[in-house]
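Hello,

Here is the structure we talked about handing over. Please open it first, then read the notes below.

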Amino acid sequence: MYIAQEESFGPVMVISKFKNGDVDGVLQRANTTEYGLASGVFTKDISKALYISEKLEAGTVFINTYNKTDVAAPFGGFKQSGFGKDLGKFSPSLISHGIVQINEKNT
């Protein structure tokens with residue numbers, strides 16, 4: 001699917017079916033693209049979400065939300081989506097992944 005393999009800048013969401021339990025197949029499809037700026041995982045199973053987020057080759061992985069981020073958090077992509085992290089404290093050669101937890105307050 002062409003749209004799932006391009007780096008689109010705009011309000012685009014690709015939702016694709018997969019066989020029940022085929023998490024590794026989903027990861028393979030997701031990581032086959034030449035881009036890796038951001039991705040999102042939507043699931044009720046937090047253990048599965050954390051497993052998938054660690055395996056995805058993307059600069060930012062959102063879980064059960066999308067595009068909620070702290071502007072002070074390091075940001076960047078993998079592969080053709082960038083090298084290193086903007087606002088990062090450490091050199092790109094020293095780290096490969098980081099986890100940023102954002103706590104939202106009820107308003």
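**Overall layout**

From the N terminus on, the elements run α-β-β-α-β-β. That gives 2 helices and 4 strands. Please keep in mind that this is a predicted model. The protein has 107 residues, and 19% of them count as buried. Now take the contacts with a separation of 6 or more: residues 24 or more positions apart account for 41% of them.

The mean pLDDT of the protein is 76. Residues with a value of 70 or more make up 65% of the protein. Over residues 91-95 the pLDDT is below 50. Beyond near neighbours in sequence, that stretch has 3 contacts in the model. Which elements mark the two ends of the confidence range? Helix α2 has the highest mean pLDDT among the elements, at 93. Strand β4 has the lowest, at 76.

**The two helices**

Start with the helix pair. Two packed helices are described by the angle between their axes and the distance between the axes. Here, helix α1 covers residues 23-31 and helix α2 covers residues 46-55. Their axes come within 10 Å and cross at roughly 35°. The crossing of α1 past α2 is right-handed.

Which residues make the contact? From α1 they are Val23, Asp24, Leu27 and Asn31. From α2 they are Lys48, Tyr51, Ile52 and Lys55. By class, this contact has 4 nonpolar, 1 polar and 3 charged residues.

Now look at burial in α1. Its buried residues are Val23, Gly25, Leu27 and Asn31. They pack against α2 and β4. Look at the numbering of the contact residues with one rule in mind. An α-helix has 3.6 residues a turn, so residues three or four places apart point the same way.

Ala30 is also in helix α1. Is Ala30 buried or partly exposed? Its relative accessibility is 37%, so Ala30 counts as partly exposed.

**Strand β3 and Thr60**

Next, go to strand β3, where you will find Thr60. Why does Thr60 count as buried? Its relative accessible area is 15%, and the cut-off for buried is under 20%. Leave aside the neighbours within four places in sequence. Thr60 is then in contact with Leu37, Ala38, Ser39, Phe75 and Gly76.

Pro74 lies in the loop between β3 (60-63) and β4 (78-79). Pro74 is partly exposed, with a relative accessible area of 40%.

**The loop between β3 and β4**

Asn64 lies in the loop between β3 and β4. Asn64 is not a glycine, yet its phi is positive, at about 55°. Asn64 counts as partly exposed, at 41% relative accessibility.

Asn67 is in the loop between β3 and β4 as well. Asn67 too is a residue other than glycine with a positive phi, near 65°. Is Asn67 buried or exposed? Asn67 is exposed, because its relative accessible area is 58% and the cut-off for exposed is over 50%.

**The aromatic pair**

Last, the rings. A pair of aromatic rings is described by the distance of the centres and the angle of the planes. The structure holds 1 aromatic pair. Which residues form the pair? They are Phe62 and Tyr66. The distance is 4.8 Å centre to centre, with 50° between the planes. That arrangement counts as tilted.

Phe62 counts as buried, at 8% relative accessibility. Tyr66 counts as partly exposed, at 41%.

**Where to begin**

Try the helix pair first. Find Leu27, which is buried in α1 and takes part in the contact with α2. Then move to Thr60 in β3. Finish with Phe62 and Tyr66, the tilted pair.

Best wishes

Notes
Residues are numbered from 1 along each chain as its sequence is written. This is a predicted model: local features need pLDDT of at least 70, side-chain atom pairs count only at pLDDT 80 or more; totals for chains, interfaces and linings use all residues. Side-chain values use heavy atoms; hydrogens and water are left out. Axes are lines fitted to C-alpha atoms, for helices over the stretch in contact, and angles run from 0 to 180 degrees between N-to-C directions. A crossing is left-handed if the near helix is turned anticlockwise from the far one by less than a right angle, and right-handed if clockwise. Contact means heavy atoms within 4.5 Å. Ala, Val, Leu, Ile, Met, Phe, Trp, Tyr, Cys and Pro count as nonpolar, Asp, Glu, Lys and Arg as charged, and the others, Gly among them, as polar. Buried means under 20% relative accessible area, exposed over 50%, partly exposed in between (1.4 Å probe, protein chains only). Rings of Phe, Tyr and Trp (its six-membered ring) pair if their centres lie within 6.5 Å; planes under 30 degrees apart count as stacked, over 60 as edge-to-face and the rest as tilted. pLDDT is the predictor's confidence in each residue, from 0 to 100.
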